[in-house]
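Got your viewer open and ready? Load the model shown here and we'll walk through it stop by stop.

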Amino acid sequence: MMTLTKRKTWFYFIPYGLWLGLFVIAPLALIFYQSFFNLDHHFTFSNYANYFQSLTYLKMTLNSVWYALLITVFTGLISYPTAYFLHGLKHRQFWLLLVILPTWINILLKAYAFIGIFSQAGIANQFLSFIGIGPQQILFTNASFVFVATYIQIPFMILPIYNALDDLSPAFINASQDLGASGWQTFQRVIFPLTLPGVKAGVQAVFIPSLSLFMLTRLIGGNKVITLGTAIEEHFLTTMNWGMGSTIGVVLIVAMVIVMLLTGDQKPKGGTPR
Amino acid sequence: MKRLMLLIIGLLAICGLLGYSSQQLERSSGSTGSRVLNLYNWGDYIDPKLLTKFQKETGYHVNVETFDSNEAMYTKINQGGTHYDLAIPSEYMVTKMKRAHLLKPLDKSRLTGLNNYDSRFMNESFDPNNRYSIPYFWGTLGIIYNDKTIKPGTVDHWNDLWSSKYRDQIMLIDSARDIMGMALITQHQSMNATNPTVLRNAENKLNALAPNVKAVVADEIKMYMSQDEAPLAVDWSGEAAEMLANNHHLHYVVPSEGSNLWIDNLVIPKTAQHENAIYAFLNFMSKPENTAQNAEYIGYATPNRKAKALLPKSVRADRQFYPDNTTLDHLQIYKDLSPAKVQLYNDRYLEFKMHH
């Protein structure tokens, strides 16, 4: 009996195991392996040495982290109140669907739509002219890059926060109010700490992809913001230096692991009352 | 559950129907069987009417597949599993494919019309004696300006771009070789220079241009220039032709002190299977009237001397796309550089991009 269930469990593991092996472990191993080869296909550590000695790459890394941070902060500032508001609405499933809807549209199309909005003759500048400010340079600025990236990431932040709010039992809020807490205190002491896992999941979902954005940096940022994604694209497509491209990939993966560890669920410490 | 099943069955039925009808369409257009030619081309880089004409004349049906960069095309042919009969790489890629043994030599005895071509574009260093390639179109790298804000004649040379008048007004094509090459020309260096100090100097020169650079973009540059987003751009003549067609305020200049000359070429990859169709097509495309028709459709400059003579005077006398001989003499063709040298170019270029 025991062996039968065990065998059954193993059977169910096969698709998951195959998927994990083929599409997660194998690519990661390949990237790691490639990063130790130079242009002549010789084994070397020089890619890593180059990376950490090059001012260009270090600056680029700093750029990537900084912009990913900005994007995440802005996304969070918009998403939390939005999720909170949506959660209190009557037909909330419908409103939530509207938030998710844009994610069904290809990111490239959305980027091109923004080019139309932000360009010299675009709607944004027509409005600025109308209210008397006059046309401004909006495209190819760091602000427009952060704006569009934030817009694209918002649904990925709203969703986990919304789910966390959904999981929150109203009993906690009632209890807090019964015990005399003000609205703000309830939010600060009860709602926010209990939905923090949702925020963390949202941060992971936004910060990590933002680290390696490259299409937007060119289309909206006009290559004025250079992130590690740009460098990887160049190494794989133009210079064909897969080793260096993989090295940057490994650095990004390490950065992602760090973010995961920082935002992951901490184990409750021994003495904490639950 | 029932609804899910219904959905799946519905989707399968639609796929089956689409598959069946596309097969019917293919059969009716005669693309099955051995009388075909598989052409691997850039997107929208041949007049579709010519393909119909070719099929009517010879009975061969042309299947066109497209690529968007020389490197992508190279990778696909190199990895095998494809059956392309003809491909259209740029000049440096011809060298690279030749070196990788990916090309079949041309059988000159089966070619008619080779003498229609202008000797200026034949027997180039990338393929001596045209053993493997026939030129298809050629073009240059140059400056596009908008006469709404830039007076014609004020930006005729690369160095004019560095003027402080043009702060934040220039768009550059995102291509390491071309932008570095432009800087090299202003310093009287070869566009194929590989000396690290020379390239470092070129980067410094570009860094001085940075305040004038509005953006470094790719294909979108056509759209931006057509919409008056910037008054100046550095791009290829082919892209410029398209911009000029969309916006009559735009003009194209090839600086007379020097620039890049690029040539796209017809080659036969190792994977080719339909010899007869290939030579029928090459000879068809060398005929002046067909080449001229193609050149009018694409808007690029043709290397076919006799075809050029058939073009309307306004086209063939257009100095923007058929520069005079002095300018032509100063144009340089890119050599295929070793990966390490390509890396050097890209590193310097990346640093320039980081700079602004």
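Start by selecting B:Tyr92, where UniProt, in an unreviewed entry, places the feature "binding site" (positions follow the numbering used here, feature names are shortened, and annotations may be inferred rather than shown by experiment). Before you zoom in, know that this is a predicted model: local features need pLDDT of at least 70 and side-chain atom pairs pLDDT 80 or more, while totals for chains, interfaces and linings use all residues. Residues are numbered from 1 along each chain as its sequence is written, chains are lettered from A in the order written, and side-chain values use heavy atoms, leaving out hydrogens and water.

B:Tyr92 sits in helix α4 of chain B, residues 91-99 (helices are DSSP runs of H or I, at least four residues, numbered from the N terminus). Now show what B:Tyr92 touches: B:Asn70, B:Glu71, B:Tyr334, B:Lys335 and B:Asp336, skipping residues up to four places away in sequence (contact means heavy atoms within 4.5 Å). Of these, pick B:Glu71: its side chain makes a polar contact with the side chain of B:Tyr92 at 3.0 Å (a pair of N or O atoms within 3.5 Å, one able to donate a hydrogen and the other to accept it).

Next, colour by chain and look at where the two meet. Chain B brings 29 residues to the contact and chain A brings 28. Together they bury about 2,400 Å², 57% of it on carbon and sulfur atoms (accessible area, 1.4 Å probe, lost on being put together and summed over both). Select B:Glu229, B:Leu350 and B:Met354, which supply 25% of the area chain B buries against chain A, more than any other three residues.

Conventions
Helices (H or I, at least four residues) and strands (E, at least two) are DSSP runs, numbered from the N terminus. Buried area is the accessible area (1.4 Å probe) that two parts lose on being put together, summed over both.
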